[in-house]
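Please look over the model below.

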Amino acid sequence: MSTEGSTRAVVAALLANTGIAVTKFLAFLLTGASSMLAEAIHSVADSGNQALLLLGGRQARKQPTAAHPFGYGRERYIYAFIVSIVLFSVGGLFALYEAYHKGHELHATHGHPDDSLLDSQWWWVPLVVLAAAIVMESLSFRTAIRETGHVRGNASYVEFIRRAKQPELPVILLEDFAALVGLFFALLGVGLALITQNLWFDVGGTALIGLLLVAVAVVLAIETKSLLLGESASVEAEDRIADALRETDGIDRIIHLKTMHLGPDELLVAAKVAVVHEASATDIATAIDEAEAAIRVAEPIATVIYLEPDIYRG
């Protein structure tokens, strides 16, 4: 369910951003507004990011090999980390460069360069494009929120982004949120520039878009880096696994338990468990087999389980 929901959210965002990017580029070509160019590049970066997320999901489905015996589940984390780099470099840094470049041009021409937004007969185009983009981006954001609601439980959105093991939904949530805020900055910059006849507002809107994208990219990089390093299962999942072990006949107690996500839907479980002193090798083997089966029932994503029997010595 979570994988299907993530895919739906990614596809919806990809379709929305592709259409938005085309209209923004058209608006920039007609008016020369720097905010429109920054937003167009932002949408191109977002479209590329969603394509990367879809590719990561496809790569993660490859079967384990001798070289990669635990499978390719972490491909989804790798591509999500690449997304944060793309958003930072292509989206954020380009917007900041465009703001600097446009500001330098305004300074050199005393605030009124040739063929500017203020002189264009198409001055109304950015406003129409931005309004349409806000509508399309809102629909994509609504899809992401709806799919997130199926998996986040009682967690807040901040907690969900920090704790989610599926990287696609947090990435889409943050990208769509940044896109909506960025569209507001662009609309504010272009609108104030037209009202006041001062293009420095357009430059300011472009700079705000760049700072926003850099901030979102940093958050994504931090969260996906944690997933790449290897996060443990949630507290609730570990409790279910521990309960399954304790309730298994022949298991006296848990000496220690460790878990690690091999991918969003693949969990490694390693535990040292105490068995009854007088148990025979056959009894111990039976208890271990039953414990593994109980863990898989309690936590179906536990695909790799290693249980080491031992004698508890206090």
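A pocket here is an open set of grid points, reached by a 1.4 Å probe, with protein on both sides within 12 Å along at least five of seven lines. The model is predicted.

Q: How much space lies in the largest pocket?
A: The volume is the space filled by probe spheres set on the points. For the largest pocket, that space is about 740 Å³.

Q: Which helix gives the most to the lining of the largest pocket?
A: The lining has 24 residues, and Val151, Arg163, Lys165, Ser234 and Glu236 are those nearest the centre of the pocket. Two helices, α5 (157–163) and α8 (235–246), each supply at least two residues of this lining. The top contribution is four residues, and it comes from α8.

Q: How many residues of the lining of the largest pocket are charged?
A: Asp, Glu, Lys and Arg count as charged. The lining of the largest pocket divides into 10 nonpolar residues and six polar ones, and the charged residues number eight.

Q: Is α4 roughly parallel or roughly antiparallel to α6?
A: Helix α4 (residues 125–149) packs against helix α6 (residues 168–196) with the axes 9 Å apart and at an angle of about 160 degrees. Angles over 145 degrees count as roughly antiparallel. Therefore α4 and α6 are roughly antiparallel.

Q: How many residues of the contact of α4 with α6 are nonpolar?
A: In this pair, α4 passes α6 in a left-handed crossing. The contact of α4 with α6 includes four polar and three charged residues, while its nonpolar residues number 19.

Q: What span is expected for helix α7 at 1.5 Å a residue?
A: Helix α7 covers residues 200–229, which is 30 residues. The expected span is 1.5 Å times one less than the number of residues. From first C-alpha to last, α7 reaches 44 Å, close to the expected value of 44 Å.

Q: Which residue just after α7 takes a positive phi?
A: The phi angle in question is about 110 degrees. The residue that takes it, just after α7, is Gly230.

Q: Which helix supplies the largest share of the lining of the largest cavity?
A: A search of the whole structure finds one cavity of 30 Å³ or more, and the largest cavity holds about 60 Å³ of space. Its lining includes Ile161, Pro170, Leu220 and Leu227, and α6 and α7 each supply at least two of the lining residues. The largest share is four residues, from α7.

Definitions and conventions
Residues are numbered from 1 along each chain as its sequence is written. This is a predicted model: local features need pLDDT of at least 70, side-chain atom pairs count only at pLDDT 80 or more; totals for chains, interfaces and linings use all residues. Side-chain values use heavy atoms; hydrogens and water are left out. On a 1 Å grid over the protein atoms alone, a cavity is a set of points where a 1.4 Å probe fits but cannot get out, and a pocket is an open set with protein on both sides within 12 Å along at least five of seven lines; lining residues have an atom within 4 Å of a point. Axes are lines fitted to C-alpha atoms, for helices over the stretch in contact, and angles run from 0 to 180 degrees between N-to-C directions. Angles under 35 degrees count as roughly parallel, over 145 as roughly antiparallel, 65 to 115 as roughly perpendicular and the rest as oblique. A crossing is left-handed if the near helix is turned anticlockwise from the far one by less than a right angle, and right-handed if clockwise.
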